[in-house]
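Let's take a walk through this structure together, one neighbourhood at a time. Have the sequence at hand as you read.

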Amino acid sequence: MAPIALESEPRYLPMVLAGSHLTVSIYLTYITGLGLYRSYAQLGPAQETRGRISQRQKLVTVFGSLSLLSLASAIKSGLDYLALSYKVWASERGIPVLQTLSGGFSLKNLTLEHVRAWLTDTPLALDALEVVAEKARRLWWGQQLDLATLSWTMLLVVQGRRRKIPFLWAYALLAHLVNLSFAQNLFYVAMLLTPVPIGNTHMSRLSNLLARAFPPKPTNWFPKPAFFHILLVLNYAVMLWAPRTAGTIHFPTAVAISKALSLAPLLLPAIIPKSWGKVQAEPHDHYDSLTKLFNVMSVVSLLLHGKTSIAALWDNLPGSYKHRHSVRIPFDIEKRSAWERSTTAMEKILGSMTDHPAVAAAGKDVLLCAFSLGIWAAVRALDVDHMLKAVAPFYGKKSDRKALTPSHSKADLSESISESESSRPSSSSGLTMKLRDRGKHVSSKLAEALTDNGNANTSPKEAPRRRGRPRKIKQEPTPDRELGTIDEVAGVPDAVDDSTYEPTPAVKAQAVEGDVLPDDEFDWESAALAWGLTALGGLGVGSSAVYGAECVSR
């Protein structure tokens with residue numbers, strides 16, 4: 001191959017952009033770590049029991065280790081991609097590339113001028129995305145990440161605002177700058193350390209300026225669901241359009257629009273006016289709208305994943321594994337051709353992870369996200385019915401484990417209490433007391449004792465005792481006449497109205513919800529369902545099921 005002349009004059013701006021990518025990623029990781037420390041420092045006394053401390057330490061260790069594994073995978077795949085990209089660029093321009101004895105990449109002849117020219121001629125991020133998007137078998141991995149990122153962003157919107165977790169924007173950016181599994185596991189740790197909403201005790205100058213420009217919304221305020229539906233439609237439309245622009249001049253524009261729209265749901269509640277949303281009277285009033293949102297995401301994710309799967313299975317042309325960087329990948333052409341002819345279509349899709357480091361990064365990210373997703377579903381003991389309702393719009397089976405919610409009326413509650421009281425067996429001593437609105441109601445015999453000021457002569461005369469053991473006489477209990485509370489019988493005036501407290505809508509709107517992990521064993525049934533849905537419908541469907549159930553579980 002004849003050497004290719006340098007395409008343009010080397011510039012320092014690409015080097016600055018590449019360095020800023022690394023610097024921003026490190027800074028965002030530091031910011032999220034600072035937020036985790038603040039959440040841990042504000043844990044209340046109720047979270048300091050021995051059992052909860054032990055459980056929290058175990059779970060934080062598990063998800064923290066998964067986040068480190070995801071970070072190590074991203075670093076390894078990123079270094080492999082950078083080395084491959086530089087080798088291809090250097091070989092095209094006749095620049096010698098030294099290799100080590102083990103076949104690795106040597107940095108001895110790597111100069112600053114070469115690096116600057118390489119970064120000027122090569123758009124690294126766009127090249128990696130374009131390699132993934134140009135073939136259906138590689139897009140099968142990348143599209144799952146895009147669909148799961150959208151569901152995860154909705155989790156940030158709901159749970160992040162509900163718990164007031166700081167630096168939500170840092171988690172969202174880490175999913176794009178590092179990988180999705182790294183940001184997901186960090187947010188799982190944040191939710192474990194923030195069972196109840198925390199206060200913003202530390203606000204920077206930038207946060208104060210943003211608070212002035214965009215005033216914070218009240219508790220239980222949520223945007224109208226129509227805005228989220230519009231953003232979802234735009235996101236899915238771009239997901240359909242972007243792969244078709246691979247290899248054209250429109251691909252950078254499609255990538256920029258896709259990244260901006262994926263972050264839009266997180267920005268929407270902060271920038272829109274208060275009048276574009278609604279303050280719910282009860283904390284659970286917007287659960288139905290959340291379930292419908294995840295229904296839309298799961299159904300569309302299933303359709304898009306099915307379309308891409310059919311295209312990937314149909315793509316059996318020889319040489320489909322080749323790409324723009326194949327010249328520097330040591331493929332054994334004879335063995336690879338024989339493998340392509342003898343293997344099944346599904347094996348080709350799974351084996352595409354070995355085609356390119358960018359595809360390997362996407363595939364490992366999908367697998368790590370799916371594994372963490374199932375572990376989180378088991379840890380949270382998510383209701384299987386809630387998961388199915390988030391996936392299937394017409395699933396109407398009610399959960400047997402559903403707890404009592406504020407939607408139950410006061411009449412139903414009082415009726416259940418009266419039934420339980422009436423089912424109690426009465427005592428044979430005649431001193432039965434019944435619970436009412438204020439205090440204890442007494443029987444007629446106790447009322448007579450109180451009105452006579454404790455006179456002991458009211459009892460009948462005792463019969464003379466005989467020798468031997470007295471015979472037990474079973475007496476039928478007589479119904480007692482309810483005369484009121486002890487204070488009313490004794491003549492004490494009731495100065496305080498003791499009716500049942502009913503909070504006003506304003507008080508209900510300001511109520512916050514707590515969150516406590518289940519004390520029993522992990523629910524592996526929920527994990528199995530999450531992994532099964534992910535295997536059948538892709539990571540987007542599995543994420544919609546788990547996150548949809550998570551948003552309505554407490």
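Leaving out neighbours within four places in sequence, leucine 124 is in contact with Tyr81, Leu82, Ser85, Trp118 and Leu119, where contact means heavy atoms within 4.5 Å. This is a predicted model, in which local features need pLDDT of at least 70, side-chain atom pairs count only at pLDDT 80 or more, and totals for chains, interfaces and linings use all residues. Residues are numbered from 1 along each chain as its sequence is written, and side-chain values use heavy atoms, with hydrogens and water left out.

Leucine 124 lies in helix 4. Helices here are DSSP runs (H or I, at least four residues), as are strands (E, at least two), and both are numbered from the N terminus. Is leucine 124 buried or exposed? Its relative accessibility is 17%, so leucine 124 counts as buried; the cut-offs are under 20% relative accessible area for buried, over 50% for exposed and partly exposed in between, with a 1.4 Å probe and protein chains only. Alanine 125 also lies in helix 4 (residues 124-133), and because its relative accessibility is 54%, alanine 125 counts as exposed.

Both residues can be located relative to alanine 18. Leucine 124 is 106 residues from alanine 18 in sequence, yet their C-alpha atoms are 8.8 Å apart in space. For alanine 125 and alanine 18, the sequence separation is 107 residues and the C-alpha to C-alpha distance is 9.5 Å.

Next comes helix 3. Seven of the ten residues of helix 3 (residues 112-121) are buried, so this helix is largely enclosed by the rest of the structure. Those buried residues are Val115, Arg116, Ala117, Trp118, Leu119, Thr120 and Asp121.

Two packed helices are described by the angle between their axes and the distance between the axes. Helix 1 (residues 13-41) packs with helix 3 at an angle of about 85°, their axes 8 Å apart. The axes are lines fitted to C-alpha atoms, for helices over the stretch in contact, and the angles run from 0 to 180 degrees between N-to-C directions. Helix 1 and helix 3 are therefore roughly perpendicular to each other; that label covers 65 to 115 degrees, while angles under 35 count as roughly parallel, over 145 as roughly antiparallel and the rest as oblique. Pro14, Met15 and Ala18 of helix 1 meet Leu112, Arg116, Leu119 and Thr120 of helix 3. By class, that contact has five nonpolar residues, one polar and one charged. Ala, Val, Leu, Ile, Met, Phe, Trp, Tyr, Cys and Pro count as nonpolar, Asp, Glu, Lys and Arg as charged, and the others, Gly among them, as polar.

Now for another helix pair. How do helix 14 (residues 357-380) and helix 21 (residues 539-551) cross? Their axes come within 10 Å and cross at roughly 25°, which means helix 14 is roughly parallel to helix 21. Helix 14 contributes Val366, Cys369, Ala370, Leu373, Trp376, Ala377 and Arg380 to the contact, and helix 21 contributes Leu539, Gly542, Ser543, Val546, Tyr547 and Glu550. Nine of these residues are nonpolar, two polar and two charged.

Serine 301, found in helix 11 (residues 287-314), counts as buried because its relative accessibility is 0%. Not counting residues up to four places away in sequence, serine 301 touches Leu147, Tyr236, Gly537, Gly540 and Val541.

Finally, step back to the whole chain, which has 21 helices and four strands. Buried residues make up 41% of its 554 residues.
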